[in-house]
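This report describes selected features of strand pairing, helix packing and backbone geometry. The sequence and structure are shown first, and the description follows.

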2 protein chains.
Amino acid sequence: MKGRNLWPIALALLVGAQLALAQTAPQTDPLPSWHEGPAKQAIVGFVQKITDKSDPAYVAPEERIATFDQDGTLWVEHPLYTQVRFCLDRVPAVVKAKPELAKVEPFKTVLSGNREAMAKLSMQDLEKILAATLTGMSVDEFQAEVKKWLETARDPRWKRPYTELTYLPMLEVLKYLRANGFKTYIVTGGGQDFVRVYSERVYGIPPEQVVGTASGTKYGYGKDGKPFLTKEAKLLLNDSFAGKVEGIHLMIGRRPYAAFGNSSGDREMLEYTGAGPGARLMMLVLHDDAKREYAYGPAEGLPDTKVGTFPQALLDEAKKRGWIVISMKKDFKKIFTWE
Amino acid sequence: MKGRNLWPIALALLVGAQLALAQTAPQTDPLPSWHEGPAKQAIVGFVQKITDKSDPAYVAPEERIATFDQDGTLWVEHPLYTQVRFCLDRVPAVVKAKPELAKVEPFKTVLSGNREAMAKLSMQDLEKILAATLTGMSVDEFQAEVKKWLETARDPRWKRPYTELTYLPMLEVLKYLRANGFKTYIVTGGGQDFVRVYSERVYGIPPEQVVGTASGTKYGYGKDGKPFLTKEAKLLLNDSFAGKVEGIHLMIGRRPYAAFGNSSGDREMLEYTGAGPGARLMMLVLHDDAKREYAYGPAEGLPDTKVGTFPQALLDEAKKRGWIVISMKKDFKKIFTWE
């Protein structure tokens, strides 16, 4: 009988101990691949502020929108955008279907495989290649092509699939924001249809949350009477520079509370985000780690580049407006998952 | 002591009773404003099928996309689309800002208030009115104008705000689908920016899930240096007929599993939805209740109309393809919340 009487007390003690444990357990670090520093502090501080109902900067969950540039912000963009590699690799197949292109520039140069000559291709040349390799087929065919290419193509430096060249610290930011009620979007100068093929698997971002450069499609019927969409050459949205803000309005219809980029093509997106009331978070990834990844600016005396330019003027605007610059060298403990 | 010994038994009985209750409690009808019949059965049957993991037609939650036309499918569109009423009401303000328009058609006719003359305005006239009243201002100004108008404008027949003219049975479908993991989208021929102002409040559909006819915007800076977007007259997406499918691809990037419409402008959206593999649900609202709402076709011998035409050819295609026709007269127990 004595033993029995102790039951309720033991139970109460047990429940109490569990409650105490839950209250004092140390919080798991949501950003383990980040060094302690102002960049990490800015992210955590922002999230704590806007999720705290007692804070004047509190933001209702449905308003929590965060936008991320992709190339150079979420994954490697040097020496060449991944999508451009896909387009170059597609040229032989395109020429096979249209043999007359073999003798026409810029296709002739691409087919030659001469890397030096290819590096000299102009922006107009590149646009011709993009148009020929990204349009004219059905949406389903295009998705199948991209999927197949991603499975076999390897980055020449790391000998890994391109989808493994994502930045682990940024994947942690995506997850951390989503765990705090954010809808995370990719807002990329790259092709919307291209990124959508792998965004869910690679970033946990569903296709409907990918805003990118988009060409029109045309509805039609196959011989079997089944409807399908053909990718047309007509440009609907050029999702770079001011086009990123116009794309955000078209596809999301709300101003983001947080925006992440790495180049002058992201400037307007960060300006627009920062112009909203309340607490906002604007961040720029600086590629200053030639050893572990690449180094380019030309801000901070880093080598100049055509791919993902981060000019001094952008750094000046960042300082003026309170945007946080992420140094890959100083802020990222690890860069890739497989390191 | 006897009483004490009964405690564990009483507790066990109580817990058992609650479990039994949870297991045998009749499920609440998710569609109480629908009469029992093939339309209601089709909706409930479809949802049960695609959410049942043991069914071959099971659909993963992230793939559950449902698209709804708005005018005539979710709310009243007769005798005139609500957005057109907004545009007509805006004409005096536009003419005040640009007095030279007062003597120019079609503005002259609209200002006259002569309803007979207004009813005769051509499609081109209407487009001029839409362009003048929907573009040229900042996105923020436009949103504020729509919000203000919705607060004061009243439908002439029911003397109620337009946002109260939604169909209760369709609101139940939206909620039921969302409760079963669906993302619900509006895919409307109406203006995306217009519908987004009230979609969250009225339908529980956030702005980023509204696909509609969209004009481009232009990024610029105000005198205070703050960035803002101006609504331009350049049409980006004409979200009707085949444009609905093109809009779905642009804004969602996945094929819907369920699509709801009411007119020939929704035909392609239903075709495209139905062309996907697995179980799909395609439904058309037929306005056959002149007493409680409006009656128009011309299918089924109903009066012909220019607004929300449901031609015989659409009914024939529906029968051929297994699309379900919802009769407002026979399927809707109640039409409006306030009935």
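## Basis for strand pairing

Two strands are taken to pair if DSSP finds at least two bridges between them. The model discussed here is predicted. In chain A, strand β2 (residues 183-191) and β1(A) run parallel and are joined by four bridges. Within this pairing, Ile65(A) stands opposite Lys183(A) of β2(A).

## The sheet of chain A

Chain A contains an open sheet of seven strands, arranged in the order β4-β3-β2-β1-β5-β6-β7, and its pairing is mixed. The edges are formed by β4 (227-237) and β7 (324-327) of chain A; each has a single partner strand, so one side of each lacks a neighbour in the sheet. On average, neighbouring strands are turned by 35° against each other, direction ignored.

Helix α8 (residues 168-179) of chain A lies across β1, β2, β5, β6 (281-286) and β7 of chain A. The helix runs at about 165° to β1(A).

## The sheet of chain B

In chain B, an open sheet of seven strands with mixed pairing has the order β4-β3-β2-β1-β5-β6-β7. Here β4 (227-237) and β7 (324-327) of chain B stand at the edges with a single partner strand each, so one side of each is left without a neighbour in the sheet. The twist from one strand to the next averages 35°.

Strand β3 (residues 210-221) of chain B and β4(B) run antiparallel and are joined by seven bridges. Ser215(B) is placed opposite Leu235(B), which belongs to β4(B). A helix of the other chain also packs on this sheet: α12 (residues 267-274) of chain A touches β3 and β4 of chain B. The direction of α12(A) makes about 95° with that of β3(B).

Helix α8 (residues 168-179) of chain B packs on the sheet as well, touching β1 (65-68), β2 (183-191), β5 (258-261), β6 (281-286) and β7 of chain B. Its direction makes about 165° with that of β1(B).

## Packing of α3 and α6 in chain A

How do helix α3 (residues 82-97) of chain A and helix α6 (residues 123-134) of chain A cross? Their axes come within 9 Å and cross at roughly 65°. That angle makes α3(A) roughly perpendicular to α6(A), and the crossing is left-handed.

On the α3(A) side, the residues in contact are Gln83(A), Val84(A), Phe86(A), Cys87(A), Leu88(A), Arg90(A), Val91(A) and Val94(A). They meet Leu126(A), Ile129(A), Leu130(A), Ala132(A), Thr133(A) and Leu134(A) of α6(A). Sorted by class, this contact has eleven nonpolar, two polar and one charged residues.

## Packing of α11 and α12 in chain B

Helix α11 (residues 242-251) of chain B packs against helix α12 (residues 267-274) of chain B at an angle of about 55°, and the axes are 6 Å apart. The two helices are therefore oblique to each other. The crossing of α11(B) and α12(B) is right-handed.

Helix α11(B) contributes Ala242(B), Lys244(B), Val245(B) and Ile248(B) to the contact, while α12(B) contributes Glu268(B), Met269(B) and Tyr272(B). By class, there are five nonpolar, no polar and two charged residues in this contact.

## Salt bridges

Over all chains, a search of the whole structure finds 34 salt bridges. One pairing of side chains in a salt bridge is that of Arg254(A) with Glu63(A), at 3.5 Å from N to O. This pair links distant parts of the chain, 191 residues apart. Arg254(A) lies in the loop between α11 (242-251) and β5 (258-261) of chain A, and Glu63(A) in the loop between α2 (38-50) and β1 (65-68) of chain A.

## Backbone geometry in chain B

Most residues other than glycine have a negative phi, and most peptide bonds are trans. Where does chain B have a cis peptide bond with omega near 5°? This bond runs from Glu105(B) to Pro106(B), and Pro106(B) lies in the loop between α3 (82-97) and α4 (107-112) of chain B. Gly297(B) and Pro298(B) are also joined by a cis peptide bond, with omega about 20°. Pro298(B) occupies the loop between β6 and α13 (312-321) of chain B.

Lys159(B), a residue other than glycine, has a positive phi near 55°. Lys159(B) is located in the loop between α7 (139-152) and α8 of chain B.

Notes: Residues numbered from 1 in each chain as written. Chains lettered and ligands numbered in written order. Predicted model: local features only at pLDDT ≥ 70, side-chain atom pairs only at ≥ 80, totals over all residues. Heavy atoms only, no water. Axes fitted to C-alpha atoms, helices over the stretch in contact; angles between N-to-C directions. Parallel < 35°, antiparallel > 145°, perpendicular 65-115°, else oblique. Left-handed = near helix turned anticlockwise from the far one by under 90°. Contact = heavy atoms within 4.5 Å. Nonpolar A, V, L, I, M, F, W, Y, C, P; charged D, E, K, R; others polar. Salt bridge = Lys/Arg side-chain N within 4 Å of Asp/Glu carboxyl O.
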